[in-house]
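Please walk me through this structure in plain terms. I have not seen it before and would like to know how its parts are arranged.

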Amino acid sequence: MGDFKLTTVEEFEAATNRLLETGAKVGADAWQLRVKNQTPHCKFGEQGICCRICSMGPCRITPKAPRGICGCDAHGIVGRNYLKFTAGGAATHSDHGREICHTLYHAAADGAYKVKDPEKLIRIAKEWNIETEGKDIYDLAHEVAETALMEYGKPFGYQRWLKRAPQHTQDLWEKAEIAPRAIDREVACSLHMTHMGCSSKPEALVRQSLRAGLCDGWGGSMCGTEFSDVLFGTPKPIDTEANLGVMNAENVNIVVHGHDPSLSEMVCEYADDPEMIAYAKSVGAKGITVSGVCCTSNEVAMRRGIPMAGNFLQQENVVLTGACEAIVVDVQCIFPALGPLSKCFHTKFITTSPIAQMPDSEYIRFDVGTAAEKAKQIVKLAIDNFKNRKPELVYIPDMKQKATVGYSVEAIVKTLDGVTNSQVDEMGTTKPLIECITSGVIRGAVAMVGCNNPKIRPDYAHIELMKKLIANDIIVVASGCAAQAAAKAGLMDKRAKDFCGAGLKRVCELADIPPVLHMGSCVDISRMMILVATLAKDSGLNISQLPVVGCAPEWMSEKAVSIGNYVVATGIDTFLGVDPYVSGSDQMAYWLTEGVRDWVEAAYTVETDIEKLVDKMIDRIEEKRAAIGI
Ligand code: XCC
Ligand code: SF4
């Protein structure tokens with residue numbers, strides 16, 4: 001216990017540098033090199049003042065040319081770009097959610113996909129007024145899945161999940177006209193608004209950005225999370241490990257990467273098959289190690305304890321180890337670079353989705369009907385590839401940390417019951433957590449989410465912010481690549497309680513939790529929405545009054561902007577470490593950092609100085625405490 005220490009970013013970087021030497025030997029490209037070729041970035045793009053949505057352009061705003069050919073000014077151009085960015089993210093998360101609904105629709109007692117959490121399915125069916133009595137669980141699954149799929153295109157009404165929000169929040173949404181209608185409608189409407197000659201008024205574009213974000217967080221992403229739980233099980237605390245050292249030089253290494261658990265769950269299933277393990281032994285390996293990258297990794301870590309090889313900017317590193325037999329991807333956040341990079345090694349780069357097809361990959365199309373046989377084919381292909389390894393290129397950095405992951409809302413409620421002696425009903429409540437917060441034992445909570453971005457020293461912001469927050473008795477819930485940064489550093493090891501302030505440390509000891517709780521992948525930020533909604537209801541406060549903020553210090557993707565919009569729209573102040581291409585319009589900056597507060601009681605703060613960012617979050621949490629007199 002005494003010798004527990006966190007892994008530092010310097011140590012991560014030393015390991016990466018060693019791997020880049022291997023890369024140099026085989027003539028591999030790397031993002032570290034490509035960043036050099038791409039910087040300095042285009043100033044117009046950076047400020048969001050370049051428009052190419054019609055063929056009269058592209059138009060760029062300068063002091064000499066303050067308007068595009070159609071007459072659109074910088075504010076309209078920045079605003080449209082921002083809304084398009086959001087729509088891209090909302091579409092992506094929601095389409096992932098839709099895929100999960102389809103998987104659920106095809107679940108069968110004798111099929112590859114089963115219902116692993118029938119209680120949750122029944123709970124959702126009741127919530128949606130679907131008759132459950134006397135129904136076969138698979139009939140119910142089909143009915144619920146079909147109802148969910150209708151949420152994407154229904155002609156009337158708002159998203160069903162909105163009812164989970166406190167009434168006050170629902171009222172705000174209604175009043176601001178941002179309650180999301182059908183998911184596809186919000187995405188299409190956003191693209192309509194940003195078409196040439198439609199909206200160029202920042203206020204209107206920001207309003208739709210919030211609405212499109214909400215159709216993601218309280219629509220498509222929530223479908224993704226909830227029905228993944230129904231299919232693959234609701235996460236419970238489970239031990240795993242993180243960082244490249246989880247790969248095993250003596251084993252066949254399969255790395256799963258992407259977002260949709262439908263693929264990775266099956267790969268994990270077959271990698272565990274005694275027949276496959278025996279086959280791996282027959283080719284000279286000791287066994288099979290499946291590890292993950294990005295959110296697919298979060299999904300299988302939370303449900304199966306599959307180790308996490310790394311996050312977004314570490315994806316090339318897994319190939320650079322020379323010990324990766326196959327990197328199997330589904331959708332999103334996959335570097336096209338993996339194709340050419342794999343060619344420098346023996347690694348098979350296997351794409352599986354019609355949505356994410358890439359050159360220099362082997363395309364094994366994966367679908368619900370053939371999932372089992374395709375997963376088996378992929379595992380076998382990896383095993384067959386073991387013999388092609390070049391031993392002189394194998395180097396796996398000896399670096400990993402233990403992590404306890406799997407904190408779904410259900411798990412958090414259950415776990416924190418142990419902290420106080422308060423009586424809880426059967427379903428459990430968040431009251432023990434509220435008591436910790438009101439008594440000041442915990443000052444508040446930060447939801448730390450998002451990606452890596454070469455504009456920020458990778459993982460540095462995540463780790464430094466989390467360290468300072470927990471030292472100040474602020475509990476952190478994390479998802480996506482931020483969660484993996486925490487796990488790699490050791491912050492999800494229960495022993496990390498020693499880095500907390502006295503109050504949080506005591507809570508960690510009593511509840512037997514790490515100070516940074518892994519809540520899952522990026523679609524699982526919907527879990528965080530359910531958690532704050534429950535906290536608000538249980539405490540009688542509005543969400544915006546809770547001493548809780550969101551933070552994405554290293555974000556990069558369209559999805560992250562969509563997330564930011566729904567987190568803000570839910571009433572949670574959100575702190576960004578990277579500017580979302582809006583610096584070219586003071587009006588857009590005003591709406592995002594101040595104006596929206598009148599509608600949703602929260603707003604963005606953009607702060608690229610990490611030290612200042614953390615202080616601003618702590619100040620905000622303390623302000624919120626003072627405002628409610630705790
Ligand atoms: Fe992708 Fe989800 Fe970002 Fe990581 S955190 S880089 S979006 S994998 Ni979602
Ligand atoms: Fe230029 Fe207007 Fe066309 Fe945009 S919409 S490219 S600003 S003319």
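T225 is buried, with a relative accessibility of 1%; buried means under 20% relative accessible area, exposed over 50% and partly exposed in between, with a 1.4 Å probe and protein chains only. T225 belongs to helix α9, residues 202–232. Helices (H or I, at least four residues) and strands (E, at least two) are DSSP runs numbered from the N terminus. Leaving aside residues up to four places away in sequence, T225 touches R303, V523, D524, S526 and R527, where contact means heavy atoms within 4.5 Å.

This is a predicted model, in which local features need pLDDT of at least 70 and side-chain atom pairs count only at pLDDT 80 or more, while totals for chains, interfaces and linings use all residues. Residues are numbered from 1 along each chain as its sequence is written, chains are lettered from A and ligands numbered from 1 in the order in which they are written, and side-chain values use heavy atoms, without hydrogens and water.

The protein chain is divided into domain 1 (70–232), domain 2 (244–393) and domain 3 (401–627), with bounds from an automatic or database domain assignment. Between the C-alpha centres of domain 1 and domain 2 the distance is 30 Å. Their contact takes 14 residues from domain 1 and 15 residues from domain 2.

C522 lies in the loop between β13 (516–520) and α21 (525–539). Its SG atom, 1.8 Å away, is the single protein donor to the nickel atom of ligand 1. Donors are N, O and S atoms within 2.8 Å of the metal (3.2 Å for Na, K and Ca); water is not among the atoms, so sites may look incomplete.
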